[in-house]
Amino acid sequence: MSNRYKILRSPLFLLGLGLLLVNDFYLKSEYGNWWTGKLSDIAGLFIFPLFLTVLFPKRIKESFIFTGLRFFIWKLPQASQAIAFINDHGVPIGRTVDFSDLMALCVLPLSFIYFRAC
């Protein structure tokens, strides 16, 4: 396997992916609360830019910037129209507008540092 894929086998990427999956498919439905929402945000913001670096190995910084901007825009109330449009066309997605979720953006620099260390 190419060296660029090694991040996908790294311990913190796998831990983040596992946390995200367990949280989204079990913990949220059983114990849904403020903490389960933040856990999804933190895990997702940690692993998503790492995944993008595999797809776009020449756009590493852009992958992290894109992730942060996409998350920020996703949390804005103005994104509701786009989400409604997508839902109307058969793709059920949902989100909660909670500006405290933006504190999860602090994980992006940690993800970048982890990427550089791998």
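Predicted model: local features only at pLDDT ≥ 70, side-chain atom pairs only at ≥ 80, totals over all residues.
Biologist: Why are Trp-34 and Trp-35 called an aromatic pair, and what makes the pair edge-to-face?

Modeller: Their ring centres are 4.7 Å apart, and the limit for a pair is 6.5 Å. The planes stand at 90°; an angle over 60 degrees counts as edge-to-face, so the pair takes that name.

Biologist: Which phenylalanines form one aromatic cluster?

Modeller: Phe-64, Phe-112 and Phe-115 do.

Biologist: What is the class of Val-91, and why?

Modeller: Val-91 is partly exposed because its 43% also falls between those two limits. Val-91 lies in the loop between helix H4 (80-88) and helix H5 (107-117). Its C-alpha atom is 28 Å from that of Leu-15, and the two residues are 76 apart along the chain.

Biologist: Why is the charged end of Arg-70 said to sit over the ring of Phe-48?

Modeller: The distance to the ring centre is 4.9 Å, against a limit of 6 Å. The term also requires a position within 35 degrees of the ring normal, and this charge is classed as sitting over the ring.

Biologist: What makes H2 and H3 a packed pair, and where do they touch?

Modeller: The axes of H2 and H3 come within 8 Å and cross at roughly 145°, and the crossing is right-handed. The contact includes Asp-41, Leu-45, Phe-48 and Pro-49 of H2, and Ser-63, Phe-64, Thr-67, Arg-70 and Phe-71 of H3.

Biologist: Which residues touch the most other members of the largest nonpolar core, and where do its members come from?

Modeller: Of its 17 residues, Ile-7, Leu-45, Phe-46 and Leu-50 touch the most other members. Helix H1 (11-31), helix H2 (34-55), helix H3 (60-74) and H5 each supply at least two residues. The largest share, six residues, comes from H2.

Biologist: What does Leu-45 contact, leaving aside neighbours within four places in sequence?

Modeller: Its contacts are Thr-67, Phe-71, Ala-104, Leu-105, Val-107, Leu-108 and Ser-111. Each counts as a contact because heavy atoms lie within 4.5 Å.

Definitions and conventions: Residues numbered from 1 in each chain as written. Heavy atoms only, no water. Phe/Tyr/Trp six-rings, centres within 6.5 Å; stacked < 30°, edge-to-face > 60°. Helix = DSSP H or I, 4+ residues; strand = E, 2+ residues; numbered from the N terminus. Buried < 20%, exposed > 50% of the residue type's maximum accessible area, 1.4 Å probe, protein only. Core = buried A, V, L, I, M, F, W, Y, C linked by side-chain atoms within 4.5 Å. Axes fitted to C-alpha atoms, helices over the stretch in contact; angles between N-to-C directions. Left-handed = near helix turned anticlockwise from the far one by under 90°.
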